[in-house]
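Hello,

Here is the structure I promised to send over.

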Amino acid sequence: MHALPFDKPGRFYRGNLHTHSTYSDGVLEPAAVVEAYRARGYDFLALTEHFLTRYDFPIIDTRQWRTADFTTLIGAELHAPALENGAAWHILAVGLPLDFAPTAQDEDGPALAARAAAAGAFVGIAHPNWYALTLDDALSLGAAHAVEVYNTGCDVEVDRGYSWHITEMLLGRGKRLTAFATDDAHFRIADAFGGWVQVRAAALDPDALLAALKAGHFYSSQGPELHDVRVDGDRLHIACSPARAIIATGPGFSHAEVYGEALEACTLPLAPFAGRYCRVTVLDKQGKRAWTNPIWLD
Ligand SMILES: [Zn+2]
Ligand SMILES: [Zn+2]
């Protein structure tokens, strides 16, 4: 059954789940990264350094920057051999313990992801389109909760920011993954503040945010706001910030949509997706998008 966040208690908190600092290959010190996001109006941030020998397996303790109106999640970007394309895995893990053990010599990506999930982390398949991750490799990461469907850095650096295609193939194989947007900011170029999650939680509390991420109680955005998405029988009701298109898409080429100038609400039929899933995209006149997680209708 679907897990839409809009009727859950609390409010939405805006956060970036994927960021680097000088503790791996980012340009800014951790404190400066945190301050940049706080000043931009974010509610939370995860610093996710490359968890590699050459950086001494950093997991940054960001608890010192938590305040009443800003919090942090502890995380890392995990790496292990080896993909079908020869590259090392990139696996996002948010909600790690500070003493998460370094990657073992013989630990592969699926084993590392499983260890991170067992340690309490929200595990994401990072930027699959950035390195042409294959479907077989993606299917092997059984511990993943989600796919990083938009990554600002991959978009502005190499025009490979969007990863919905492989996500839909995974959904088509029955994988109940959610979908999140991040920056993966390194601050070498303008790679910050381009994609984020809005997480529904009762309070701005790291444990509550992490539980909501795992439960799929969030949506992703590059700009537009989703105010409500609700299943009502064979209809889907959507309310959002002004949009020029509100689109539901599902398996194969199934779709339902409304176009306009400044749409703020619409109702779409669920018949094209009956017994399967759909997801909603809201597109604004600047070309920015917001996305729901897949909404399962069985
Ligand atoms: Zn990466
Ligand atoms: Zn990264």
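Predicted model: local features only at pLDDT ≥ 70, side-chain atom pairs only at ≥ 80, totals over all residues.

Residues are numbered from 1 along each chain as its sequence is written, chains are lettered from A and ligands numbered from 1 in the order in which they are written, and side-chain values use heavy atoms, leaving out hydrogens and water.

The zinc ion (ligand 2) has His18 (NE2), His20 (NE2), Glu77 (OE) and Asp184 (OD) as its protein donors, 2.1 to 2.2 Å away. (Donors are N, O and S atoms within 2.8 Å of the metal, or 3.2 Å for Na, K and Ca; water is not among the atoms, so sites may look incomplete.) Glu77 also coordinates the zinc ion (ligand 1), which sits 3.6 Å from ligand 2. His18 is in the loop between strand S1 (11-16) and helix H1 (30-39) while Glu77 is in strand S3 (residues 71-78), so the pair links parts 59 residues apart in sequence. (Helices, H or I of at least four residues, and strands, E of at least two, are DSSP runs numbered from the N terminus.)

His18 is buried, at 0% relative accessibility, and Glu77 is buried at 0% too. (Buried means under 20% relative accessible area, with a 1.4 Å probe and protein chains only.)

The largest nonpolar core has 35 residues, of which Leu78, Leu96, Phe100, Ala116, Ile125 and Leu133 touch the most other members. Another core, of 24 residues, lies apart from it and includes Phe6 and Val280. (A nonpolar core is a set of buried Ala, Val, Leu, Ile, Met, Phe, Trp, Tyr and Cys residues joined through side-chain atoms within 4.5 Å.)

Best wishes

Definitions and conventions. Buried < 20%, exposed > 50% of the residue type's maximum accessible area, 1.4 Å probe, protein only.
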